[in-house]
Amino acid sequence: MTDPTAITAGGAAGRPAPPPDPPAPGTGAARRERLGHLLQHHGAALVLLGLVAFGTLAFDSFATGANLRAVTVSSAFLAIVALGMTFVIISGGIDLSVGSLFVLGGVLAAYGSRAGTLAALALPLAVCGTIGLLQGVLIGRLGMAPFIVTLAGLLGVRGIMLAVSDEGATTYLVEDRAFASLGQDGPFGLTWPVLITVVLAVAGVVLLQRTGFGQNVYAVGGNEEAAGLMGVPVVRTKILVYLLSGLLAGLAGALNAARLSSGVTILGIGLELDAIAAVVIGGTLLTGGVGGVTGTMAGVLLLGVIQNLINQVGNLTSAVQQVVSGAFLVLVVVAQRVLSRTQRLT
């Protein structure tokens with residue numbers, strides 16, 4: 001995307017500066033550029049394959065069908081939340097409210113299940129989608145900082161959840177068997193949340209790569225000012241990505257409530273950080289404009305496999321998993337910085 005400040009960089013006559021010549025195929029610069037592109041977009045998938053191979057060789061119980069199903073099922077809910085976060089971060093924003101929306105969605109779904117499956121799904125989607133929409137309006141229309149708006153959302157939404165659940169003292173049980181089966185049953189030995197995640201991921205790829213809205217998301221994240229000058233609906237795009245994030249966080253919470261047969265009020269703490277970590281590990285830049293859904297899904301599975309490998313060892317605590325995930329995230333961000341600098345030099 002062209003920076004409008006560079007239009008007159010070609011000289012006093014105001015002619016555009018000619019773009020730098022691309023590296024010639026077969027040269028060292030071209031090979032470095034291809035390698036950098038591969039690592040940026042597919043590095044998480046390559047590391048994931050390496051860890052799966054290591055786990056298969058090191059632990060007899062790792063590559064069993066039951067264990068792999070456990071990894072995918074436990075990762076499905078984070079994947080749905082991270083899908084919405086991908087759109088937000090590519091657009092140049094951040095959403096810290098998704099953890100609170102996740103737990104609120106679960107409480108509302110369990111509460112609504114008394115009126116049937118439709119109400120159990122519609123209530124959290126309506127409420128969480130509305131909250132996401134309001135955050136998008138504040139960010140897109142009023143120009144408020146995404147960090148501040150969604151941080152307020154994190155606190156406010158959790159307060160709403162506590163009000164609905166009598167300060168967490170009331171745990172609503174899922175009373176509709178059809179809704180509970182949505183989180184616990186499914187074909188091919190998998191649960192419906194896993195299959196729903198796959199469908200949403202495919203839809204996310206199509207939406208991001210093959211539609212005008214997806215191109216607008218990239219444009220806004222790459223250079224918001226230039227996107228506005230090119231006629232991109234910046235405000236509408238920002239509103240829609242936060243609406244999408246709110247809807248997906250509410251849906252993930254509802255599906256998790258169906259799996260647990262209750263609206264547990266202590267979940268979701270730190271989920272927003274896990275979602276951000278998965279998105280960044282998957283190759284999406286926090287500065288916006290670069291990223292994709294497939295990388296995010298690989299990042300989610302990578303975090304799940306790391307946790308599972310630590311569990312396979314048996315004598316390590318969950319604190320080790322947090323340290324390993326944090327260290328891995330730092331390495332990924334440093335690698336992204338180095339790759340970006342290398343590509344600019346080429």
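I took buried to mean under 20% relative accessible area, exposed over 50% and partly exposed in between, with a 1.4 Å probe and protein chains only. Helices are DSSP runs of H or I with at least four residues, numbered from the N terminus.

The model is predicted, so I kept in mind that local features need pLDDT of at least 70 and side-chain atom pairs pLDDT 80 or more, while totals for chains, interfaces and linings use all residues. Residues are numbered from 1 along each chain as its sequence is written, and side-chain values use heavy atoms, with hydrogens and water left out.

**Helix α7**

The buried residues of α7 are Pro193, Val194, Thr197, Ala201, Gly204 and Leu208. These lie on the same side of α7, because they cover an arc of only 95 degrees around the axis, the arc being that of the directions from the helix axis to the C-beta atoms.

I then checked what the buried residues of α7 pack against, and listed α2 (65-90), α6 (177-184), α8 (212-222), α10 (234-260) and α12 (293-313); contact here means heavy atoms within 4.5 Å.

The 19 residues should span 27 Å, and the end C-alpha atoms are 26 Å apart, which agrees.

**Aromatic pairs**

I counted rings of Phe, Tyr and Trp (its six-membered ring) as paired if their centres lie within 6.5 Å, with planes under 30 degrees apart called stacked, over 60 edge-to-face and the rest tilted. The search of the whole structure finds two such pairs. Phenylalanine 87 and phenylalanine 213 are stacked, at 6.3 Å centre to centre and 15 degrees between the planes. This pair links helix α2 to helix α8, across 126 residues, and both phenylalanine 87 and phenylalanine 213 are buried.

Tyrosine 111 and tyrosine 172 are edge-to-face, at 5.2 Å centre to centre and 75 degrees between the planes. Tyrosine 111 sits in helix α3 (residues 98-112) and tyrosine 172 in the loop between α5 (146-164) and α6, 61 residues apart. I noted tyrosine 111 as partly exposed, with a relative accessible area of 36%, whereas tyrosine 172 counts as buried at 16%.

Definitions and conventions:
Helices (H or I, at least four residues) and strands (E, at least two) are DSSP runs, numbered from the N terminus. The expected span of a helix is 1.5 Å times one less than its number of residues.
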